[in-house]
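This report goes through one protein model, from its overall make-up to individual side-chain pairs.

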Amino acid sequence: MPTKPPTPIKQVINGYYGEAAEQDARRIYEETYKVPLGKIPRPKQTKASKLHAESARTRMAEKEKERLEKLEQGDKEEPKELDDEELVETPKEDLFKMKRFRNVAPRVNTNLKKSPAKTLKEENAAEQPAPVPQTTT
């Protein structure tokens, strides 16, 4: 009468099956996520990202050309490297697009000397001519 084969207790106790599973998991991980040394995968460039990079390169080249022309004309400015901040142009348009929120004071104290709403009010007041008082004779 055939009997059920015995459970390999010695192999279970020695951790043979655990080691085999760990080696399989490590092998699968290495095959899946293997990256060649020195090569970092980069995301694929889109048309928009290529255009942005190209426009930034041309702006930088134009600024460098202007700086070199100034140096040739006799300006005694020492050559310096261009910062990223110099390339970014800050727009002078309103921060708030909705007219309802232009003159609202902030609810958070940012410890600034002037709040953005006060600064906007002052700029708007400076742009508008002062009313001329009328005198009656």
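Predicted model: local features only at pLDDT ≥ 70, side-chain atom pairs only at ≥ 80, totals over all residues.

Residues are numbered from 1 along each chain as its sequence is written, and side-chain values use heavy atoms, with hydrogens and water left out.

**Overall make-up**

The protein contains five helices and zero strands, and its pattern along the sequence reads α-α-α-α-α. Helices (H or I, at least four residues) and strands (E, at least two) are DSSP runs, numbered from the N terminus. Of the 137 residues, 4% count as buried; buried means under 20% relative accessible area, exposed over 50%, and partly exposed in between, with a 1.4 Å probe and protein chains only. Accessible areas come from the Shrake-Rupley method with a 1.4 Å probe, and for residues only the protein chains shown count as cover.

**Helix α3 and its end**

Helix α3 spans residues 47–73, which makes 27 residues. From first C-alpha to last, helix α3 reaches 39 Å, close to the 39 Å expected at 1.5 Å a residue. The expected span is 1.5 Å times one less than the number of residues in the helix. After α3 comes G74, with a positive phi near 115°.

**Aromatic pair and nonpolar patch**

A pair of aromatic rings is described by the distance of the centres and the angle of the planes. The structure holds one such pair. Its members are Y16 and Y17, with ring centres 5.4 Å apart and planes at 75°, so the pair is edge-to-face. Rings of Phe, Tyr and Trp (its six-membered ring) pair if their centres lie within 6.5 Å; planes under 30 degrees apart count as stacked, over 60 as edge-to-face and the rest as tilted.

Y17 is found in helix α2, residues 16–32. Y16 is partly exposed at a relative accessible area of 48%, and Y17 is partly exposed at 42%. Together with V12, Y16 and Y17 make a nonpolar surface patch of about 330 Å². Patches are made of residues with over 30% relative accessible area and no salt bridge, with like charges joined within 9 Å and nonpolar side chains (Val, Leu, Ile, Met, Phe, Trp, Tyr) within 5 Å.

Which residues does Q11 touch, not counting residues up to four places away in sequence? Q11 has contacts with Y16 and Y17, contact meaning heavy atoms within 4.5 Å. Q11 itself lies in helix α1, residues 9–14, and is partly exposed, with a relative accessible area of 36%.

**Salt bridges**

A search of the whole structure finds four salt bridges, a salt bridge being a side-chain nitrogen of Lys or Arg within 4 Å of a carboxyl oxygen of Asp or Glu. Among them are the following.

| Salt bridge | Closest N and O atoms |
|---|---|
| R27 and E31 | 3.6 Å apart |
| R57 and E54 | 3.0 Å apart |
| E64 and R67 | 2.5 Å apart |

R27 and E31 are four residues apart in helix α2, and are therefore separated by about one helical turn. R27 is partly exposed, with a relative accessible area of 40%, whereas E31 is exposed at 56%.

R57 and E54 both lie in helix α3, three residues apart, about one turn of the helix. R57 counts as exposed at 52% relative accessibility, while E54 is partly exposed, with a relative accessible area of 41%.

E64 and R67 are likewise in helix α3, three residues apart and separated by about one helical turn. Is R67 buried or exposed? R67 counts as buried because its relative accessibility is 12%.
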